[in-house]
Structures are given as structure tokens and as C-alpha cells.
Amino acid sequence: MRTAVPSSILRHSVARQALHQQRAAASKRLMSSSAESSQKKAQDALSAAQKNAEKVWESTKKFLEPAGEKVGKLLGSYRQPLVYNFQVTKEIFKQIYHKENLQPPTLADVKYAYSYLWSQLTPALPGQLARSGEAGRVAIYGLQAYGIFKIGEIVGRRSVVGYSIE
């Protein structure tokens, strides 16, 4: 025999289900309105960023255009061959990059290279170099590197000693 469910419990249960359905519908409305509002905000931010980028581009173009014209006038008739040779070189490097499947080193590659170099540097390295006779060769290479560095400094300063201050 079935027991009768009191009417107050039944009303409470129906009211709870109705409340649950209202909350679900409200959350769906809220989610759709929040998704729409966030999409609108994203579009507004994108348009603002594009406007700012256009302004920056125009101001940069206005600033650099006279400098480019001056450089072009200074180069004179050499401008066209220089631009052409630069473009050809760029295309050759691009083809080499793609054919050889070149890519920048990964972080793991860099870590491996530095760990290998540091593992080769041991406190006994100077003694090994002296015994094998390689110390002279290493010293010559170091002297060459230092000389090239100093020549670069002289060229950069445009004088052998000191900077020309006027």
C-alpha cells in the first residue's frame, strides 16, 4: 500500500524545481550576455589598438620619410644597385633558410651547449694544454681575437687614441 505524500512537501518540491529552472535559465541568459559583452569588449579593444597602431605608423612614416629621402639623395646613382643587391641577398638567405630547414635554437639546445662548455673547463685544463703543446696555439688565437676587437674599436672611434671631442 502506498503512503500518501503530504501536500506541503509536494508543493515545496515543485517550488524547488521551478526555482532551479529559473536559476538555470537566468544563468544561461547571464552567460550569453556576458559572452556577448566580452566579445564586444574584445572587438572594441581590437579596434582601439588598430587605431593606435595606425596613428603610430603614420607618425613614424612622417618622421622617417625625410631621413629616407636624404639618404637616397646621398647615395645618388648607387641607390638602385644597393637596393637590388640587398633584395637578392635577402632572397638567397631565405631560400637557404627553407632548404636547410634552419630554425632558431631551442632553450634545451642552448642549455646543452653551455653545460658542455662548462664541463670542458676543468681546473686541470691549463696543465693539459701545457703538456700537449696547445697552450701556444690557444694564446695566439686569444691574441688574434683581442687584436680584432681593438681594430673594431679604432674603426668605431675613427681615431687611434681616444675620441675626437669638439
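Reply: Start with one cut-off. A residue counts as buried under 20% relative accessible area, as exposed over 50%, and as partly exposed in between. Arg137 has a relative accessible area of 49%, so Arg137 is partly exposed. Its partner in a salt bridge is Glu134, with the closest N and O atoms 3.9 Å apart. The cut-off for such a pair is 4 Å. Glu134 has a relative accessible area of 31% and is therefore partly exposed as well.

This is a predicted model. Its count of salt bridges comes to 5. The Glu134 and Arg137 pair is one of them.

Move on to helix α5, which spans residues 135-157. What joins Lys150 to Glu153? Their side chains meet in a salt bridge, with 3.0 Å from N to O. Both residues lie in α5, 3 residues apart, which is about one turn of the helix. Salt bridges with shared partners extend this pair into one network of Lys150, Glu153 and Arg157. In general, an α-helix has 3.6 residues a turn, so residues three or four places apart point the same way. Are Lys150 and Glu153 buried, partly exposed or exposed? Lys150 is at 32% relative accessibility, so it counts as partly exposed. Glu153 has a relative accessible area of 28%, so it is partly exposed too.

α5 has 23 residues. From first C-alpha to last it reaches 33 Å, close to the 33 Å expected at 1.5 Å a residue. After α5 comes Arg158, with a positive phi near 65 degrees. Confidence is also on the side of α5: its mean pLDDT of 90 is the highest among the elements.

A further pair sits in helix α1, residues 7-75. Here the side chains of Asp44 and Lys40 form a salt bridge, 3.8 Å from N to O. The two residues are 4 apart in α1, so about one helical turn separates them. Asp44 is at 41% relative accessibility and therefore counts as partly exposed. Read this pair with some care. α1 has the lowest mean pLDDT among the elements, at 74. Where pLDDT is low, the predicted coordinates should not be read in detail.

Now the contrast: a nonpolar part of the surface. Leu107, Val110, Tyr112, Tyr114, Tyr116, Leu117, Trp118 and Leu121 form a nonpolar patch there. Together they have about 950 Å² of accessible area. Tyr116, one of these residues, is found in helix α3. It has a relative accessible area of 43%, so Tyr116 is partly exposed. Helix α3 covers residues 107-120, 14 residues in length. It reaches 20 Å from its first C-alpha to its last, close to the 20 Å expected. α3 is hardly covered, with 0 buried residues.

Last, the whole chain. The protein has 5 helices and 0 strands. Along the sequence the pattern reads α-α-α-α-α. Of its 166 residues, 2% count as buried. The protein exposes about 15900 Å², and carbon and sulfur atoms supply 63% of that. Its mean pLDDT is 79, and 79% of the residues score at least 70.

Methods
Residues numbered from 1 in each chain as written. Predicted model: local features only at pLDDT ≥ 70, side-chain atom pairs only at ≥ 80, totals over all residues. Heavy atoms only, no water. Buried < 20%, exposed > 50% of the residue type's maximum accessible area, 1.4 Å probe, protein only. Areas by Shrake-Rupley, 256 points an atom, 1.4 Å probe, with all protein chains shown as cover. pLDDT = per-residue confidence, 0-100. Expected span 1.5 Å × (residues − 1). Patch = residues over 30% accessible without salt bridge, like charges linked within 9 Å, V, L, I, M, F, W, Y side chains within 5 Å.
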